Amino acid sequence: MKSIYINDFVSNGINVNSAHVYKLKQDFREHLAPIPDSPDNGLFDDLVGQSKLVKELKQIIRKIAVVNSPVLIVGETGTGKELIARSLHKLSGTSGPFVAMNCGGIAPSLIQSELFGYEKGAFTGALCRKKGFIEAAQNGTLFFDEIGELPLDQQSNLLRFLQEGSIQRVGSVDNIRINTRIIAATNVDLEKAIKTGTFRADLFYRLNVLEIKMPTLRERTEDIQILANHFLNRYSIEFNKKIDGFSLECLHHMKEYNWPGNIRELMNRIKRAAILCDTSLLTTDNLGIPHSTMVSKPHSLKSARDIAEKQAIESTLYQCDKNITQTSKYLGISRAMLYRLIKKHELNF
Ligand SMILES: Nc1ncnc2c1ncn2[C@@H]1O[C@H](COP(=O)(O)OP(=O)(O)O)[C@@H](O)[C@H]1O
Ligand SMILES: [Mg+2]
């Protein structure tokens, strides 16, 4: 389906899809008045950054927070998708809770009862009535993290709910009306997933009414130092360490590094360094980032492969918060092989 861009939002990286465009254009008009570059008044305290991309992001959030329509947040892992979803909820002024569901983190056989809830006796083990994620988000925001991992049969069930605005608990025929804002996030290309048959096109267009593209950390290098200081400050206090900052060489390497795990990786590396470091300045070695993305002296192909292998494993471990199952899944190797490689490269784990 062709995307239609609403002029004011093109430069801000937001697009509005045609399925709902007419109604939305009308909704938006009321909110399109230019927003002065006002101080945040604490609204974005947890969204650190001064780059143009972050300022644009804040503008977008302010504008769409008040429009009750689904939002799809796309971007690499660790770019802050959940943080943005929470900001949208905070600014929307809804009275209900923010409920997050990690679509990849629930066993497929349990998803339906987790999503829709169940009645007592609906199945073996259903000892009492339980609300599902959708019902728990009544009058609030329901955030589907990693929506691309939702199994196809549950995609159909979710679509039905989005179309009808009501649900039935498992084991019940009563319809329950639900009023909740839907936000979904993905780090996979859903349009590609549609082509390979793993994601429903109709669900995609329902969710992708408004799309926010998260910038990677390498696209906002001017924020790296600000974010690094922010996390260092946080962890120095948490672990009661006296660390003054980063060595100049370390700052340089942080800007050179390409941060595949984005802000989450930066945060985790600084946390680990703050725990382990006994000096007043953090160095490149403390952070464990490569000294240079360029190989400085001639290397055999084998040693270049070894370096690349080590970097890929290390950064994926950071991106996955050192979860072995997830890391091996991303790397496409078995858990046993991952343990072997961690040992081989003497990775600090
Ligand atoms: N702009 C930011 N300022 C401060 N912390 C951030 C920012 N963006 C992300 N984070 C932090 O980085 C971590 C990863 O963010 P998250 O929203 O979970 O990413 P994603 O959902 O895209 O994987 C979280 O701990 C989050 O609080
Ligand atoms: Mg996430």
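Modeller: The protein chain has 16 helices and eleven strands. This is a predicted model, in which local features need pLDDT of at least 70 and side-chain atom pairs count only at pLDDT 80 or more, while totals for chains, interfaces and linings use all residues. Residues are numbered from 1 along each chain as its sequence is written, chains are lettered from A and ligands numbered from 1 in the order in which they are written, and side-chain values use heavy atoms, with hydrogens and water left out.

Biologist: What makes a run of residues a helix or a strand?

Modeller: Both are DSSP runs, numbered from the N terminus: a helix is H or I over at least four residues, and a strand is E over at least two.

Biologist: Why is Met-101 called buried?

Modeller: Buried means under 20% relative accessible area, exposed over 50%, and partly exposed in between, with a 1.4 Å probe and protein chains only. Met-101 has a relative accessible area of 1%, so Met-101 is buried. Met-101 is found in strand β4, residues 98–102. Over the protein chain, buried residues make up 46% of the 349 residues.

Biologist: Which residues does Met-101 touch?

Modeller: Contact means heavy atoms within 4.5 Å. Not counting residues up to four places away in sequence, Met-101 touches Ile-106, Ile-111, Leu-115, Phe-133, Phe-143, Phe-144, Asp-145 and Leu-150. Met-101 and Phe-144 are 43 residues apart in sequence, and their C-alpha atoms are 5.1 Å apart. For the protein chain, residues 24 or more positions apart account for 72% of the contacts with a separation of 6 or more.

Biologist: How do you know that the length of helix α3 agrees with its number of residues?

Modeller: The expected span is 1.5 Å times one less than the number of residues. For the 14 residues of α3, residues 52–65, that gives 20 Å, and the end C-alpha atoms are 20 Å apart, so the two agree.

Biologist: Why is α3 described as largely enclosed by the rest of the structure?

Modeller: Ten of its 14 residues are buried, so the description applies. Among these buried residues are Val-54, Leu-57, Ile-60, Ile-61 and Ile-64, together with Glu-56, Lys-58, Arg-62 and Lys-63.

Biologist: What makes Lys-58 buried?

Modeller: Its relative accessible area is 11%, so Lys-58 falls in the buried class. The C-alpha atoms of Lys-58 and Leu-47, eleven residues apart along the chain, are separated by 8.7 Å.

Biologist: What does the same length check give for α14?

Modeller: The 19 residues of α14 should span 27 Å, and the end C-alpha atoms are 27 Å apart, which agrees. The buried residues of α14 pack against α12, α15 and α16 (335–344).

Biologist: Why does Thr-316 count as buried?

Modeller: Thr-316 has 9% relative accessibility, so it counts as buried. Thr-316 is found in α14 (residues 301–319), and touches Thr-327, Tyr-330 and Leu-331, not counting residues up to four places away in sequence.

Biologist: What makes a set of grid points a pocket?

Modeller: On a 1 Å grid over the protein atoms alone, a cavity is a set of points where a 1.4 Å probe fits but cannot get out, whereas a pocket is an open set with protein on both sides within 12 Å along at least five of seven lines; lining residues have an atom within 4 Å of a point. The largest pocket is lined by 41 residues, of which Thr-77, Gly-78, Lys-81, Glu-146 and Arg-264 lie nearest its centre. Helices α3, α4 (81–92), α10 (224–238), α12 (262–276) and α15 (324–331) each supply at least two residues of that lining.

Biologist: Is Glu-146 buried or exposed?

Modeller: Glu-146 has 15% relative accessibility, so it counts as buried. Glu-146 lies in the loop between β5 (141–145) and α7 (152–164), and has a positive phi of about 50 degrees although it is not a glycine. Most residues other than glycine have a negative phi.

Biologist: Why is Asn-240 called exposed?

Modeller: Its relative accessible area is 69%, so Asn-240 is exposed. Asn-240 sits in the loop between α10 and β10 (245–246), with a positive phi near 55 degrees.

Biologist: What makes Thr-186 buried?

Modeller: Thr-186 has a relative accessible area of 1%, so it is buried. Thr-186 lies in strand β8, residues 181–186. Leaving aside neighbours within four places in sequence, the contacts of Thr-186 include Lys-81 and Glu-146.
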